[in-house]
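Please read this briefing alongside the sequence and the model.

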Amino acid sequence: MGSARDAEIAALRQFLADPDILGVLVTGEAGVGKSAFARACLGQSTNNHPVYFRGEQSTKNIPYGYLGFMLARVPPKALDDPMCVIQGIAAAIREDAGGKPVYLVLDNVQFMDEMSTAVILHLVASGTVRLIVLATDASLVPPDLLYFLDTGQLVQLDLDPFTLQQTKTILHGTLGHYVGSGAAAVLYSLSRGNSRVLSALTSEQQRTGNLVLRGETWVLKEMPTFGGNVEDLFKATWARADEATREVIEVLALARRLPLDVAMDMFGAAELSWMEDDGLINIEGATQQWVALRDHYVADIVRRWVPAARSRELHARIVRELKPDMSAMNVDDLLAHAAWTQDCGAALEPDTALAAARLAVQLYNPQFALRTAANIPRLDPLWVAGQEVKAAGHLLLSDANSAVRELRDVSSWQLDALRPAEYVSYIVALCDALMPGSGGTVEVLAVLQAAKARMAAWRTGADARLLEELERGAHRLEMVEFEVAVFLGDYADIAARLEEIYRSDSTDLEYRLSAGSLLAEAWALTGRELDAIALIGEVSSLIGTLDCPPFRRDRLGRREFLCRFFLGRWEECVRMLAGVMSGPAAKLQYRGGQAELFKGLAWAYAGRANEALEPLLGAVAQLELRSGNDHLYLAYAATAYAYAQLGDRPSVLKYLARMGTCTGPYSWLARSLAENCALMARLWTGDPNAAATLIRSAQVDIARGLVVSAGIALMGASVAGSEEVERLIEETANRRQGTLADIGTLFVAGNRAKDPRPFLKAADLAQSLRLDSAEAKFTAHAVELARQRGDRATVRAAQHRLDTIKAILPMRPVVHTDGSLALTGREREIGLLAGGGASNKDIALALDVSIRTVEGHLYQIFAKLNVKTRGELVGRL
């Protein structure tokens, strides 16, 4: 159980330390881990003597049956005298305890017989023992023991199911490695924090090879099903159930839930009452009451046990009873109806299949969506819409080629039969599928051109209603064109038009909000970062008034992340992602890798490599199983950058090499972030060409109006220390908003005046954003300039600050200082290689000089820079 229950363990021990308290009643649902909790509380100390008792139904009516094995310690001739039994058991316990405090752990107390209760009461009253009573509910405790609860001598401690964070702690302790966010969320969701189910489910996924260790991270290959290990938890219940009870379980497993009145008509009130008392079913709801199986996993298990013929029989019976009406079904009912209908081989109506498949996509269940949409016949009018849903399912599985294939499997006559809105929906789906493919934007633009021609033809002779439909369709196609521009990085070219749409009085609110969402991303990259974050707030408040599909809200959340990221507000980014990573399990199975990637990226850009690596390695493990090109490419680069900050050159080279295995195409944003990470990794590990490449990249971005990405690259390239770099940093800073722009201005001022004070102000601003690496870099500049000025007070203060930061950072960032210019070109070259981890032999081979020559140069370098280790070189060159 590890540290997952630390707070509860501490509370129980505190109760037991009170001499006025006779014991603790631990309550919690079946399987929550009460027995393991008791053992964890008592098992970590050798200064107590625990005695465990567990009741069974079979011993409830046997005198002293609950005490079981302890009864064997009593002489046979004493068994007829209750006082002798009490004295015998008390003597045996004292003998075994050897003077240590004794704790009786009483489990399944609902099966405790009266004679056993009397013995335990005597042991408590005599001070021989103290109690830890385990029960699902206080009402199950024998009345004589419950008396102590009423008097306050027995304290109740509720044990809740594990939270997601506790589940992660348990899994890490059990499996021994980091567990990816998707895997942890799925196992938590399916177990609902129940300790017993979690343990069985985890071991089952390991046994079947669905839970696999990739690198240093455990990930799930597919959504799990409840297999043999979990089935074992229910087999005993099923074995003792009579025919009537089994039928109720079968029906509820297949239907998921039934209205209470229907269930009573089918099975009788007495049967349902008994099953509720026995903990097999729950009755929930206020205005409309429903009956469902209490343990959710039981339904999954029983559904697999029910033969197809029996399933069809029960399905027909329920359909007769309920007369399902799709318009009256909620989400769960509709999905349950669709699943059961398919499982038993009955016919699923096309409109029901389409509705259920669309819901499955929204709920991140692509396999169910594909299976359900396949029920729509090719000649049915809903075939095209079904193909769109199939394409969406394939895209969730990162299979763009299959998505395109489904959409191409639509005949021209079927397209001709569509109304404009339906046709536009098909075109948008096709463009979404084409964008990640090899043809990418070229094919998308060709499709859009053909679609516009068809829309224009529709306008001839159109009435007002059709014209309005065409206008809204044109809006959707225009938004696809904008998405193409974003994919290519042409943000500056579309910003004005996006703002015009957003500020317009168009009645198509979805059109305006989509434009506003994209505009925020464009502003975040073209120098209007503060305006972008304000705009995101506006759009978020307006979008809350619409019934938007989840993917639209996800896109807005992604853009909010980017706005905060480019302002340097990485802590806000991490907090945003914490909410994402506690979201629906199915979503995290398919999107958890992306969430961990961006969390790790935020940590890495802040210079927190140690914190960044765990989510980044988790992202790599998940994205290697299932990913679009963009995210895996970026994950490799960000991981290389994090390792570079730790000075781990072999790992840097390993992940840079993996970047080379990705094939693209990549969106401009993913490529920009990835290449910046890769170049920074090379810079930190001594690549003499990395700074120049960063500068060239920045120049290209400035020419395109992308001053924010240019500014990020230039601050990394400032190691070059040239006037051109200063000019470019100044230009981008003047065209940007926010704290990072102010930092750029101060950097240029300090560099030109050779004045440490602007650098210290820049370090203060970096500290306000908790950008440790940047703070260290500017402080290091200040130290060098103060040394040159002979300003000892500033040197001491800045050096102390630098030493404090160094305690956080594993390595100092790469900085340019005038002190380093005292080195010769060859010394600087050798210093960079040595600081990057190259051995003297490697350097000699690379530069075609002798090892002795390398050693001589290193002696001069160490003396000139006043350093003692190679690790310090990277921070001084």
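Asp848 counts as exposed because its relative accessible area is 71%, where exposed means over 50%, buried under 20% and partly exposed in between, for a 1.4 Å probe and protein chains only. This is a predicted model, in which local features need pLDDT of at least 70 and side-chain atom pairs count only at pLDDT 80 or more, whereas totals for chains, interfaces and linings use all residues. Residues are numbered from 1 along each chain as its sequence is written, and side-chain values use heavy atoms, with hydrogens and water left out.

**Backbone at two loop residues**

- Asp848 has a positive phi of about 60 degrees although it is not a glycine, and its place is in the loop between helix 42 (840–847) and helix 43 (851–865); helices here are DSSP runs of H or I with at least four residues, strands are E runs of at least two, and both are numbered from the N terminus.
- Tyr64, also a residue other than glycine, has a positive phi near 60 degrees, and this residue sits in the loop between strand 2 (49–54) and helix 3 (82–97).
- Tyr64 counts as buried because its relative accessibility is 8%.

**The chain as a whole**

- The protein chain contains 43 helices and 11 strands, and its C-alpha atoms fill a box of roughly 100 × 85 × 50 Å along the principal axes.
- Of the 877 residues in the protein chain, 54% are buried.
- Among contacts in the protein chain with a separation of 6 or more, 68% are between residues 24 or more positions apart, a contact being heavy atoms within 4.5 Å.

**Helix packing**

- Helix 36 (residues 723–734) and helix 37 (residues 739–753) have axes that come within 8 Å and cross at roughly 150 degrees, the axes being lines fitted to C-alpha atoms over the stretch in contact and the angles running from 0 to 180 degrees between N-to-C directions.
- Helix 36 and helix 37 are therefore roughly antiparallel to each other, given that angles over 145 degrees count as roughly antiparallel, under 35 as roughly parallel, 65 to 115 as roughly perpendicular and the rest as oblique.
- The contact between these helices involves Glu726, Arg727, Ile729, Glu730, Ala733 and Asn734 of helix 36, together with Ala741, Gly744, Thr745, Phe747, Val748, Asn751 and Arg752 of helix 37.
- By class, the residues in the contact of helix 36 with helix 37 are 5 nonpolar, 4 polar and 4 charged, where Ala, Val, Leu, Ile, Met, Phe, Trp, Tyr, Cys and Pro count as nonpolar, Asp, Glu, Lys and Arg as charged, and the others, Gly among them, as polar.
- Helix 8 (residues 195–208) and helix 9 (residues 228–240) pack at an angle of about 145 degrees, with their axes 7 Å apart.

**Aromatic pairs**

- The structure holds 20 aromatic pairs, a pair being rings of Phe, Tyr or Trp (its six-membered ring) with centres within 6.5 Å, where planes under 30 degrees apart count as stacked, over 60 as edge-to-face and the rest as tilted.
- Tyr605 and Tyr641 form an edge-to-face pair because their ring centres are 6.1 Å apart and their planes stand at 80 degrees.
- Tyr605 lies in helix 29 (residues 585–605) and Tyr641 in helix 31 (residues 629–645), so the pair ties together parts 36 residues apart in sequence, and both residues are buried.
- Phe747 and Phe759 are likewise edge-to-face, because their ring centres are 5.4 Å apart and their planes are at 90 degrees.
- Phe747 lies in helix 37 and Phe759 in helix 38 (residues 756–768), so this pair ties together parts 12 residues apart in sequence, and both Phe747 and Phe759 are buried.
- Ring pairs also link Phe561, Phe565, Phe566, Phe598, Tyr605 and Tyr641 into a cluster.
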